[in-house]
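The following exercises concern one protein chain and are to be worked with its sequence and model at hand. Each task is followed by a stepwise solution.

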Amino acid sequence: MSMKSIFDAKEVRSEFEKASIKPSFIPLIWKHVITHHQNPNAITTAIDWCEIPSLPSAAYSLLASKFKPLTSTLHSLHRSSDGITTKLLIKLQNGSFVEAVVMKYDTRLGKYDGKPRPGGPRSTLCVSSQVGCKMGCRFCATGSMGFKNNLSSGEIVEQLVHASRVDSIRNVVFMGMGEPLNNYAALVDAIRVMLGSPFQLSPKRITVSTVGIVHAINKLHNDLPGLNLAVSLHAPVQDIRCQIMPAARAFPLEKLMDALQQYQKISQQKIMIEYIMLDGVNDGEQHAHLLGKLLETFQVIVNLIPFNPVGTLSQFRTSSEEGVLRFQKILRGTYNIRTTVRKQMGQDISGACGQLVVNLPDMKSIGNSSLLADIEDLHL
């Protein structure tokens, strides 16, 4: 029988309740595991539950028989040549692999009331929620893997624990492998752990990205108020969405926009719209006008994403820089929609948007060493 992760909060609470152990001890255990894991010697030194002080005696035998401090291991780590992006290849207990990416940003490059934001360099972790993905988006390398399995909430949280060895993580974005809202229960449980002690992340610093799972969007704000929602729209009309995102057939654009309207009405928060720029497919001036009309009644930030090639799997080309800027100008100038262009990061280690697939990166240089504005800082 496989052991459960200590970060599978529901499992731990259930077992503690059966053993009449107060759940207030759980954050203490998590803190010990995190602190131990950040110790340089922790790679070779296993955690002994008995080393944790002040637990009830019943807790020690329970932990030893049912739980592991970490069910996953950091298999390998690859840094981009610019030092901004680090990709973690993580091996799960079942032998599968997922990838997580740490990206360094500078909050001072974000704006608030037209002025640079205070602060300095920060790091964002892009986490995976599934092994592979069943959405099958034709521009995404992860989709080429097909769907393997969902991650447990503990396996999701463990990515944050592993990444904390690389850098101090301020923000978490669910933009890695998988469709987060297709693993809804584990997603909610994992984020609740991240929001609590000892991680203490702010909900404003967590972003969940989805292709548009309507029924889950309708539940998200009630279950996790205050989070940032990002929607992978990628086309302003249903037929183009279906061409490049087969799963869009199950979630018609009209129903998706109704769900987003309701979500925004309840949450009173801006929504991030992700839009990948595919040459000759969705990047024309007519597409910009259609997108502007679709979104003009919403409070949104549109993030234009230059397409990242995925080798022989790709049937698409990257839009020209001039075309991207023209698209941005139409949304801003004609429709007064705040529109940004995502800086390309981590291409040389296959860690950029749409490139996450379990393989070995080729270590080419992209030679760009400037820090970037953080995705969450765009909202404020």
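A residue is called buried at under 20% relative accessible area, exposed at over 50% and partly exposed in between, with a 1.4 Å probe and protein chains only. The model is predicted, so local features need pLDDT of at least 70 and side-chain atom pairs count only at pLDDT 80 or more, while totals for chains, interfaces and linings use all residues. Residues are numbered from 1 along each chain as its sequence is written, and side-chain values use heavy atoms, with hydrogens and water left out.

**Exercise 1. The chain as a whole**

Determine what share of the residues of the protein chain counts as buried, and describe the secondary structure.

Step 1. Of the 380 residues, 56% count as buried.
Step 2. Helices (H or I, at least four residues) and strands (E, at least two) are DSSP runs, numbered from the N terminus; the chain has ten helices and 16 strands.
Step 3. A contact requires heavy atoms within 4.5 Å. Among contacts between residues at least 6 apart in sequence, 68% join residues at least 24 apart.

**Exercise 2. The packing of H6 and H8**

Classify the arrangement of helices H6 and H8, and identify the residues that form their contact.

Step 1. Axes are lines fitted to C-alpha atoms, for helices over the stretch in contact, and angles run from 0 to 180 degrees between N-to-C directions. For H6 (residues 214-223) and H8 (residues 253-267), the angle is about 0° and the axes lie 9 Å apart.
Step 2. Angles under 35 degrees count as roughly parallel, over 145 as roughly antiparallel, 65 to 115 as roughly perpendicular and the rest as oblique. H6 and H8 are therefore roughly parallel.
Step 3. H6 contributes Val214, Ile217, Asn218, Leu220 and His221, and H8 contributes Lys255, Leu256, Ala259, Leu260, Tyr263, Ile266 and Ser267.
Step 4. Ala, Val, Leu, Ile, Met, Phe, Trp, Tyr, Cys and Pro count as nonpolar, Asp, Glu, Lys and Arg as charged, and the others, Gly among them, as polar. By these classes the contact comprises eight nonpolar, three polar and one charged residues.

**Exercise 3. Pro225**

Step 1. Pro225 counts as partly exposed because its relative accessibility is 49%.
Step 2. The C-alpha atoms of Pro225 and Pro203, 22 residues apart along the chain, are 7.7 Å from each other.

**Exercise 4. Arg241**

Which side chain of opposite charge is nearest to Arg241, and how far away is it?

Step 1. Arg241 is part of helix H7 (residues 238-244).
Step 2. Lys and Arg count as positive and Asp and Glu as negative, with His and the chain ends not counted. The nearest side chain of opposite charge is that of Glu179, 8.4 Å away.
Step 3. A salt bridge needs a side-chain nitrogen of Lys or Arg within 4 Å of a carboxyl oxygen of Asp or Glu. Arg241 is buried yet has no salt bridge.
Step 4. Beyond four places in sequence, the residues touched by Arg241 include Val211, Leu233, Phe251 and Leu256.

**Exercise 5. Lys293**

Is Lys293 buried or exposed?

Step 1. Lys293 lies in helix H9 (residues 285-295).
Step 2. Lys293 is exposed because its relative accessible area is 52%.
Step 3. A separation of 7.6 Å is found between the C-alpha atoms of Lys293 and Tyr335, 42 residues apart along the chain.
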